[in-house]
Amino acid sequence: MKFLQNAFDKIKPNFEKGGKWEKLHPLYDGHRTIFFSPDSVTSGTGVQVRDAMDLKRLMMTVIIAMVPCLLFGIWNTGYQHHLATGQAPEILDQILVGLWVTIPILIVSYGVGLSIEFTFCVIKGHPISEGFLVTGMLIPLVMPATIPLWQVGLATAFAVIIGKEAFGGTGMNILNVALTARAFLYFAYPSQISGEVWTYMGGAPAVDGYSGATPLAVGAEAIEASGGMNMVQMLADKTKDFAPGLYDTWHLIMGHYPGSIGATSV
């Protein structure tokens, strides 16, 4: 880390006032504070709270908390793909398919969002805000695995500019940026974010589809049924021939079913 700190210190004069890259100081400061604490610290004799935790590091803890959700979404994407194509591969194959589908969405989300954030910070001369470190992961988690990458980029741009920067940036936006991205796609391109889009195929499906009562219809039937049969049990009975275990309690808690990448698991 000493080498990295020396590298930052060496180029620092170029980004300070009067330096040839003075306007890019927010970019320098934003990257430096990922690895090291800010140069400006509390001084004086008054009572102060002194802590190594700042907004950037707080956001990193949120990202760490979301990693298990992302990892499950990666595996479930591959699992649903092989289930739909009638295959029974090893878990490693399922993870590889999930990575192949999910990582590009993550890259586009962070790439487009951070580029816009950096641009606004340079134009306004403000420090880089850390809010998108979390938003950049939330956007892929609320998207289906089949979403086109160009739509991810377009939705991310719309959400950051209209849902965040238009209000003044991190802490001043009245809209959730990730959900703004999803809402934009829901109204602009509904066929790509609703309907039969939840399972990445990449091959011929085992069956074209199946028909039957919706869970809500089964729920209404369960209420009217005698004998105290609950909705989950009735759903399990109706799907036992073609999808055994689909409505098993543990199955529902874990989220082994199609859906947005990070939205199926309780």
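This is a predicted model: local features need pLDDT of at least 70, side-chain atom pairs count only at pLDDT 80 or more; totals for chains, interfaces and linings use all residues.
## Ser109 and its surroundings

Setting aside neighbours within four places in sequence, Ser109 is in contact with Phe132, Thr135, Gly136, Ile139, Pro140, Val152 and Thr156. Its side chain also reaches the backbone oxygen of Gly136, at 2.8 Å.

Ser109 belongs to helix 4, which covers residues 91–124. Is Ser109 buried or exposed? Its relative accessibility is 0%, so Ser109 counts as buried, the cut-off being under 20% relative accessible area.

Ile91, Leu92, Ile95, Leu96 and Leu99 make a nonpolar surface patch of about 430 Å². Leu99, one of these residues, sits in helix 4. Because its relative accessible area is 32%, Leu99 is partly exposed. An α-helix has 3.6 residues a turn, so residues three or four places apart point the same way.

Helix 6 takes in residues 149–163.

Which residues of helix 6 are buried? They are Gln151, Val152, Gly153, Ala155, Thr156, Ala157, Ala159, Val160 and Gly163. The buried residues of this helix pack against helix 4, helix 5 (132–141), helix 7 (177–188) and helix 8 (190–193). Val152 and Thr156, both buried in helix 6, are also among the contacts of Ser109.

Notes: Residues are numbered from 1 along each chain as its sequence is written. Side-chain values use heavy atoms; hydrogens and water are left out. Helices (H or I, at least four residues) and strands (E, at least two) are DSSP runs, numbered from the N terminus. Buried means under 20% relative accessible area, exposed over 50%, partly exposed in between (1.4 Å probe, protein chains only). A polar contact is a pair of N or O atoms within 3.5 Å; within protein, one must be able to donate a hydrogen and the other to accept it, and residues adjacent in sequence count only if both atoms are side-chain atoms. Contact means heavy atoms within 4.5 Å. Patches are made of residues with over 30% relative accessible area and no salt bridge: like charges are joined within 9 Å, nonpolar side chains (Val, Leu, Ile, Met, Phe, Trp, Tyr) within 5 Å. Accessible areas come from the Shrake-Rupley method with a 1.4 Å probe; for residues, only the protein chains shown count as cover. A salt bridge is a side-chain nitrogen of Lys or Arg within 4 Å of a carboxyl oxygen of Asp or Glu. The expected span of a helix is 1.5 Å times one less than its number of residues.
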